[in-house]
Amino acid sequence: MKKYARLIGGAVVAAVLNAPVALAADKREFVKLPDEIRDGVIVNMRDHLQTLLDLLKHLSEGDFEMAANAAETRIGLSSPASHSANYMAPLIPEEMRTIGTRMHTAASRFAERTRRGDLDQAYDALGVITAACTTCHYRYRIR
Ligand code: HEC
C-alpha cells in the first residue's frame, strides 16, 4: 500500500511540476498511425478509463471477482487491446510498446492478486497500471 501511495504521489507531483511546460509547448512525440488503427486505439482508451472506474467501484463494494474480471478482460494480457499490440508493435516506438506491455501485465497481476484476496499487493499493481497511463500520455500523441 505504501508503494502504491508513493507511485500515485509521484504521478501527482510529476503532473503538477510538468503542467506549465506541457501547457507552454506540446512536447509529446507524434506517432503516425493508419486512420483505422488510430481510431481503434482511441476507442480502446475510453474503455480503459471506464474500466478503471468500474474496478474501483467493484473494489469499494467488495466485488473482488468482478474487479479481477474487468481488469483482466479489458486491460490485462487477455484483453483485445493487448492482442492488438501484436499488429501495433512495428508501428510504434519501442518505449511506447514497453509502457503498453507494463500496463497489460500490471492489469493481469492486479486480477490475480485481487482473486486471491491480496488487496495490498493488488493496489500496488493498480498504481503501476495508472502510472503507465500517465507516462504514455505525457510522452506520446497520435493525432
Ligand atoms: C502505450 C501508451 C498508452 C497507454 C499505456 C495508455 N494510453 Fe491512453 N492514450 C494514448 C494515446 C497516444 C492517446 C491519444 C493522445 C492524442 O493523440 O490525443 C490516448 C488517449 C486516451 C484517452 C482519450 C480518448 C478520447 O476519446 O479522446 C483516454 C480517456 C485514455 N487515453 C485513457 C487511458 C487510460 C485510463 C489508460 C490506462 C489504464 C491509458 N489510457 C493508457 C496512449 C496510451
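In the predicted model, the contact between α2 and α3 brings Asp47, Thr51, Asp54, Leu55, His58 and Leu59 of α2 together with Met66, Ala67, Ala70, Ala71 and Arg74 of α3. By class, the residues of this contact comprise six nonpolar, two polar and three charged. The axes of α2 and helix α3, the latter spanning residues 64-74, come within 8 Å and cross at roughly 165 degrees; because angles over 145 degrees count as roughly antiparallel, α2 is roughly antiparallel to α3. The crossing of these two helices, α2 and α3, is left-handed.

Helix α3 also packs against α5, with axes that come within 8 Å and cross at roughly 165 degrees, and α3 and α5 are therefore roughly antiparallel to each other. The crossing in which α3 passes α5 is left-handed. On the α3 side the contact is made by Phe64, Glu65, Ala67, Ala68, Ala71 and Glu72, and on the α5 side by Ala107, Ser108, Phe110, Ala111, Thr114 and Arg115. Seven nonpolar, two polar and three charged residues make up this contact of α3 with α5. Two alanines of α3, Ala67 and Ala71, are listed both in the contact with α2 and in the contact with α5.

For α5 and α6, the axes come within 8 Å and cross at roughly 160 degrees, which makes α5 roughly antiparallel to α6. Here too α5 passes α6 in a left-handed crossing. The α5 residues of the contact are Met96, Ile99, Arg102, Met103, Ala106, Ala107, Arg109, Phe110, Arg113 and Thr114, and they meet Gln121, Ala122, Ala125, Leu126, Val128, Ile129, Ala132, Cys133, Thr135 and Cys136 of α6. Divided by class, the contact of α5 with α6 contains 14 nonpolar, three polar and three charged residues. Ala107, Phe110 and Thr114 of α5, which take part in this contact with α6, also belong to the contact with α3.

The ligand is surrounded by 20 residues, of which the closest are Met45, Gly100, Cys133, Cys136 and Arg141. The elements that contribute two or more residues to this shell are α2 (35-60), α5 (94-115), α6 (119-139) and β2 (140-141), and α2 gives the most, with six residues. In terms of residue class, the shell around the ligand consists of 14 nonpolar, three polar and three charged residues. Cys133 and Cys136, which are among the residues closest to the ligand, are also part of the α6 side of the contact with α5.

Notes:
Residues are numbered from 1 along each chain as its sequence is written. This is a predicted model: local features need pLDDT of at least 70, side-chain atom pairs count only at pLDDT 80 or more; totals for chains, interfaces and linings use all residues. A residue is near a molecule or strand if its C-beta atom, placed from the backbone, lies within 6 Å of it. Helices (H or I, at least four residues) and strands (E, at least two) are DSSP runs, numbered from the N terminus. Ala, Val, Leu, Ile, Met, Phe, Trp, Tyr, Cys and Pro count as nonpolar, Asp, Glu, Lys and Arg as charged, and the others, Gly among them, as polar. Axes are lines fitted to C-alpha atoms, for helices over the stretch in contact, and angles run from 0 to 180 degrees between N-to-C directions. Angles under 35 degrees count as roughly parallel, over 145 as roughly antiparallel, 65 to 115 as roughly perpendicular and the rest as oblique. A crossing is left-handed if the near helix is turned anticlockwise from the far one by less than a right angle, and right-handed if clockwise. Two residues are in contact if their C-beta atoms, placed from the backbone, lie within 7 Å.
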